[in-house]
Amino acid sequence: MKSVPMAFRDDLGSDQLVDLLRSNIIRCVLKPGSRLVLDELKARFGFGASPLREALMQLVAEGLVVFEVNRGFRVAPLSKAHFDDVARVRTALDVTAVTWALEHGSIEWEVKLVGAFHRLASLRKSSETTMEGEWSAAHRSFHSALVSGCESPTLLQLTASVFDHIERYIALSVTLEGTIRDGMMEHEAIMKAALDRDLTKTLDLLHAHNRRTEDTVNAYLLQNGGE
């Protein structure tokens, strides 16, 4: 990746810097377990040491970066145990978030969900585009829209954080031969069940959808010795 001139980043705030680093970690541009040397990050992203250090500390709080005394920062490693943990947490959060969304979701929520699906359906998924560009953003927007009717900022923050961790594993596993599936029918079925306020069906479809992703990731982890 080419270094970005310092002047290009002068107008970006701290939140945008955090978003930039988070995106590079989630997409595994910054590799799991790799050291995050401030001088290298300064040259790469065009920010000063102080804002970089503050941003990295926020990502430590999110579990995406690890800080070790006398050793500095590094990208949080990935492992089978960690993936199993975040997958279980996602399942638990989904039950509550979807339940509340179907109970409290307004007409505006329905419109948001339908719009997110149509945006996702308009894009083509491939191994080259899955974790970058419009498809990744649209996929995240769909799952975010599904639970957005829960009316709980705290719950939405938790689901977004867990989604970040899941996406790191998807970014590593997506190039595994034969893992790109056409999930559009799955997303459409989930949307329709949610709009019908059919909680049991929505959760069954969502869990099945997520399990297929988990199967792909687990196949990758098995093939690569759990790394």
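Reply: Let us begin with one side chain: at 29% relative accessibility, Glu188 counts as partly exposed, where buried means under 20% relative accessible area, exposed means over 50%, and partly exposed lies in between, computed with a 1.4 Å probe and protein chains only. Salt bridges that share partners join Asp19, Arg22, Glu62, Arg140, Asp164 and Glu167 into one network, a salt bridge being a side-chain nitrogen of Lys or Arg within 4 Å of a carboxyl oxygen of Asp or Glu.

Before going further, please keep in mind that this is a predicted model, in which local features need pLDDT of at least 70 and side-chain atom pairs count only at pLDDT 80 or more, while totals for chains, interfaces and linings use all residues. Residues are numbered from 1 along each chain as its sequence is written, and side-chain values use heavy atoms, with hydrogens and water left out.

Glu188 forms a salt bridge with Lys192, and the closest N and O atoms of this pair are 3.3 Å apart. Both residues lie in helix α8, 4 residues apart, which is about one turn of the helix; here helices are DSSP runs of H or I with at least four residues, strands are runs of E with at least two, and both are numbered from the N terminus. An α-helix has 3.6 residues a turn, so residues three or four places apart point the same way. Lys192 is partly exposed too, with a relative accessible area of 47%.

Now consider the helix as a whole. Helix α8 covers residues 184–195, has 12 residues, and reaches 17 Å from its first C-alpha to its last, close to the 16 Å expected at 1.5 Å a residue, where the expected span is 1.5 Å times one less than the number of residues. The buried residues of α8 are Met184, Glu186, His187, Ile190, Met191, Ala193 and Ala194. Just after α8, Arg197 takes a positive phi of about 60°.

Being 4 residues apart in helix α4 (residues 80–104), Asp84 and Lys80 are separated by about one helical turn. Asp84 is partly exposed at 25% relative accessible area, and Lys80 is partly exposed at 35%.
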